[in-house]
Amino acid sequence: MAAAAANVVGKVRGGLADLRSMPRTLIDQGPNRSVYRFHGESSGPPVLLVPPLAAPALCFDLRRGCSLVEHLVEQGRRTYLVDYGAVAFSDRRLGMEHWIDEVLPRTIRKVSEDAGGQEVQVIAWCLGGLFSLLTAADKPELPISSIVTVASPVDFTAIPLMAPFRPLIEITGGYLLTPFYRLLGGAPSYVVGRVFWAAGIEKEITKPLAILRNLDDRDYLAQLEAVDRFMGQMMAYPGRTFGQLYHRLFRANDLADGALDLGGRVVSLSGVRVPVLIVAGEADTIAPRRAVERLTGLLPSSPKVDFHLAPGGHLGVLTGRHARTTTWPLIDTFLG
């Protein structure tokens, strides 16, 4: 009771989570690209954190105690992050090619240069993992030594959340969403936020009861605060990129076969020639195990492909309270 009372007081006084960002320095900037180096005593190869579109880059630095950035820095690793920033209506014509041809290659080269020419170890979440793999496949000359993907789906037919919409989309020839994203210039941030919220609707419904049951657990309540802040900062998808994701990945499920047509140029994951670690979340409804594990059979040129299932949902498997003792040690071992 004393702990619960103290937590209530802490909540009223401003919150329980330590939401301070890890100290960092901007080392490069360009269109849809801000590259940061985190402070700390470090050595060895650089580690680059790659977020997905629409989700804030703070997914890697959620809160002190549940920050992958903090963990990597404490491990003595040179840690970097690319942040795409907010997407404006003027970005509506940007396609996936922009990130695969420009944003990620320039980021990787800059990180390598800043680290004295060393090859880069990439850690990416969700669609950031797909973009990183496609970039490595399309540009094998980039200084990349390994890639870690967390909750990155390639088989979109294996995502139950999308199953109810497929018949209607097929009946309309995919035209169901096309007029809306073209009119709006993409998928607005509030729509993206609602989709993430809907994916965890069961947890949202039981959330008040869960808070009451864990009112004496400061760490649990702090995590909820941090996740709520993350959910409140969702961003928009550029129109053309959203169209490609919708038609090529969701409707046609192209990437399940290991190749993607980007404006007449086919990029095949068979071009990935570096070791890859694939992590899926046990309770992930956005990228369930079957949707993620399919990737293990699409990397024939990779010298090493490891797959692991870890506790957590879509965000939790990356930076949940259990990730500290499950996902992060897997990444540490792989990077080592």
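**Notebook: contacts, cores and strands**

I started at Leu49 and set aside its neighbours within four places in sequence; Leu49 is then in contact with Phe60, Leu68, Val69, Leu72, Thr79, Tyr80, Leu81, Val82 and Ile123. I note that this is a predicted model.

I next looked up the largest nonpolar core, which has 92 residues. Leu49 is among the members that touch the most others, together with Phe60, Ile123, Trp125 and Phe230. Two of these, Phe60 and Ile123, had already come up in the contact list of Leu49. I also found another core of five residues lying apart from the largest one, with Ala17, Tyr220, Leu221 and Ala222 among its members. For background, I wrote down that nonpolar side chains in soluble globular proteins tend to be buried together.

Then I turned to the whole protein. I find 13 helices and twelve strands. Of the 336 residues, 54% are buried. I looked at contacts between residues at least 6 apart in sequence, and 80% of them join residues at least 24 apart. The accessible surface comes to about 14,700 Å², and carbon and sulfur atoms account for 56% of that surface.

How many aromatic pairs does the structure hold? I have two on record. Tyr84 sits in the loop between strand S4 (77-83) and helix H3 (96-114), whereas Trp99 is in helix H3. The two residues are 15 apart, and the pair links distant parts of the chain. Are Tyr84 and Trp99 buried or exposed? I find both buried.

My next entry is on strands S1 (residues 24-30) and S2 (residues 33-38), which run antiparallel and are joined by six bridges. Gln29 stands opposite Ser34 in S2. The hairpin has two residues between the strands, and Asn32 there takes a positive phi near 60°. I also checked Arg24, which lies over the face of Tyr36 at 3.7 Å from the ring centre.

Last, I went through helix H10, residues 239-251. Its buried residues include Phe242, Leu245, Tyr246, Leu249 and Phe250, and also Gly239, Thr241, Gly243 and Gln244. Just after H10, I noted Asn253 with a positive phi of about 55°.

Methods:
Residues numbered from 1 in each chain as written. Predicted model: local features only at pLDDT ≥ 70, side-chain atom pairs only at ≥ 80, totals over all residues. Heavy atoms only, no water. Helix = DSSP H or I, 4+ residues; strand = E, 2+ residues; numbered from the N terminus. Buried < 20%, exposed > 50% of the residue type's maximum accessible area, 1.4 Å probe, protein only. Contact = heavy atoms within 4.5 Å. Areas by Shrake-Rupley, 256 points an atom, 1.4 Å probe, with all protein chains shown as cover. Phe/Tyr/Trp six-rings, centres within 6.5 Å; stacked < 30°, edge-to-face > 60°. Lys NZ or Arg CZ within 6 Å of the ring centre and 35° of its normal. Core = buried A, V, L, I, M, F, W, Y, C linked by side-chain atoms within 4.5 Å. Pairing = 2+ DSSP bridges.
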